Amino acid sequence: MSEVRIDVHDKPVLKEWIPLSIQHVFAMFGATVLVPMLTGLSPAVALFTSGIGTLVYILITKGKVPAYLGSSFAFIAPIIAISSSADFGVAYAMGGAFCVGLFYCLISFIISRFGIGWMDRLLPPVVIGSIIIVIGLKLAPVAMNMAMTAGSGTYSLAFFSIAIVTLSIAVISSIVLKGFFNVIPILIGIVGGYLFTLIMGLIFPAYKLIDFAIVGDAAWFGITKPMMPKFHWVPILTFLIVSLATIAEHLGDTLVLSKVVGRDFYKDPGLHRTLAGDGIATSIAALLGGPPNTTYGENIGVMAITRVYSVWVIGGAAVTAVVLSFIQKFGALIQTIPVPVMGGVSMMLFGIIASAGIRTVVESGVNYGEKRHLTISSVILVIGIGGGMIRFPIGSGMNFELSGVALAALVGIILNLVLPRSLDDIPEESAEEMIQDELNKQNNS
């Protein structure tokens, strides 16, 4: 392992502490504010809940895990679906998110009592990888709509040009830049696309997309009014099914962080504590009107590069995010970011999510020569991306609807449980024992 500069429990001197924490804010910022902008939630509230959630997570994990929690991309589709539903709305989406946090805590309790072997059986890599691919590709039309029409439904070459320039800057930054700047290509892409849009608006006034009036009208400091959740079993069930994929994502992030830091967080403070911290942070976020939280790979990347693992640095980043959330002019400035700019970075981000699913499948050694694996993956992808839906009336003019990621996840889990397992799915020693048992039965008969 590389030499550690600042270990988990070490508190850096102030002149190092502040810039190291701000560095983590930059790493998480682009993705954390992108989720609320895509779903119609408040970026300021998302910043606040990410900071508070991270501090709660640090407390629950006894200050042993230097993880930053930001907005989860996995819940973008269900938030949009429930929020835009004629039967429900944003408050019901927050109710579903709140229950996800409680579900995390329930799974945390079960893990503390029975371990994680049962989760490996319920959610093997072929299921999880396929679901993650669906999460990314299901959002692809959202990205292209923002990039080509800015959400208006009418194609514009100017909008698409802004998106392509933004995407190009983000891609080049991720490939060419080194060190810290290599882990914030999304933020660099947003800034570059924003400046390009400003210049284009000066040259072609008809395409002036940025209006600073809301920044001037905004107060310097203030508190964004929270949105209290409402509850109904349909949004709750939808969110809980999607959360099965995010729980698996949490397991992966915790494992990667353990490898980076050189400690086994599965054992100390324990996976039950990390999952409970994630869950309680998500429930708190929902109570305040923020998107569900998740541990951020971007910040794990920063730690891997800098070899600074201090939980004090992560805590400093969380406090910084909370402070920024109270500066209303800052929040108003975020709202001036043009839709095509967000479309450009979304083209990259949503593709990265899908690619992460492919990586999960490949690195786990899933054999698609096995018909069982091929069947499970194929059905998940077609239902999730193709728009599979279950809908039926439940009274009072309301409908129960399960579609997209949620339906694909449910079907994938059921297929994994009911399809017969082949010898290739069984550990080598167990397979040999089964063969020997069968031979003994034949000999005895």
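User: Which backbone oxygen does the side chain of Thr 39 reach?
Analyst: In this predicted model, Thr 39 lies in helix α1, which covers residues 14-39. The side chain of Thr 39 comes to 2.8 Å from a backbone oxygen. The residue that carries this oxygen is Val 35.

User: Is Thr 39 buried or exposed?
Analyst: Leaving aside neighbours within four places in sequence, Thr 39 is in contact with Ile 76, Ile 79 and Ile 80. The relative accessibility of Thr 39 is 8%. Buried means under 20% relative accessible area. Thr 39 therefore counts as buried.

User: How many helices and how many strands are in the protein chain?
Analyst: The protein chain has 445 residues, of which 51% count as buried. Residues 24 or more positions apart account for 81% of the contacts with a separation of 6 or more. As for secondary structure, the protein chain holds 19 helices and four strands.

User: What is the arrangement of α6 and α16, roughly parallel or roughly antiparallel?
Analyst: Helix α6 spans residues 125-138 and helix α16 spans residues 339-363; their axes come within 7 Å and cross at roughly 165°. Angles over 145 degrees count as roughly antiparallel. The two helices α6 and α16 are therefore roughly antiparallel.

User: How many residues of the contact of α6 with α16 are charged?
Analyst: The crossing of α6 and α16 is left-handed. Residues making the contact include Ile 132, Ile 133 and Gly 136 of α6, and Phe 350, Ile 353 and Gly 357 of α16. The residues of this contact divide into 11 nonpolar and five polar, and the number of charged ones is none.

User: What is the handedness of the crossing of α9 and α16, left-handed or right-handed?
Analyst: Helix α9, residues 185-203, packs with α16 at an angle of about 150°, with the axes 9 Å apart. That angle makes α9 roughly antiparallel to α16. Among the residues making the contact are Gly 189 and Tyr 194 of α9 and Val 345 and Met 348 of α16. The crossing of α9 and α16 is right-handed.

User: What separates the C-alpha atoms of Pro 66 and Leu 257?
Analyst: Pro 66 is found in the loop between α2 (43-60) and β1 (69-71). With 0% relative accessibility, Pro 66 counts as buried. Not counting residues up to four places away in sequence, Pro 66 touches several residues, including Val 8, Leu 257 and Tyr 309. Pro 66 and Leu 257 are 191 residues apart along the chain, and the separation of their C-alpha atoms is 8.4 Å.

User: Which helices do the buried residues of α15 pack against?
Analyst: Helix α15 covers residues 328-335. The buried residues of α15 are Lys 329, Gly 331, Ala 332 and Ile 334. These buried residues pack against α1, α2 and α10.

User: Is the peptide bond from Asp 268 to Pro 269 cis or trans?
Analyst: Pro 269 lies in helix α12, residues 266-288. The peptide bond from Asp 268 to Pro 269 has omega near 15°. This peptide bond is cis.

Conventions:
Residues are numbered from 1 along each chain as its sequence is written. This is a predicted model: local features need pLDDT of at least 70, side-chain atom pairs count only at pLDDT 80 or more; totals for chains, interfaces and linings use all residues. Side-chain values use heavy atoms; hydrogens and water are left out. Axes are lines fitted to C-alpha atoms, for helices over the stretch in contact, and angles run from 0 to 180 degrees between N-to-C directions. Angles under 35 degrees count as roughly parallel, over 145 as roughly antiparallel, 65 to 115 as roughly perpendicular and the rest as oblique. A crossing is left-handed if the near helix is turned anticlockwise from the far one by less than a right angle, and right-handed if clockwise. Contact means heavy atoms within 4.5 Å. Ala, Val, Leu, Ile, Met, Phe, Trp, Tyr, Cys and Pro count as nonpolar, Asp, Glu, Lys and Arg as charged, and the others, Gly among them, as polar. Buried means under 20% relative accessible area, exposed over 50%, partly exposed in between (1.4 Å probe, protein chains only). A polar contact is a pair of N or O atoms within 3.5 Å; within protein, one must be able to donate a hydrogen and the other to accept it, and residues adjacent in sequence count only if both atoms are side-chain atoms.
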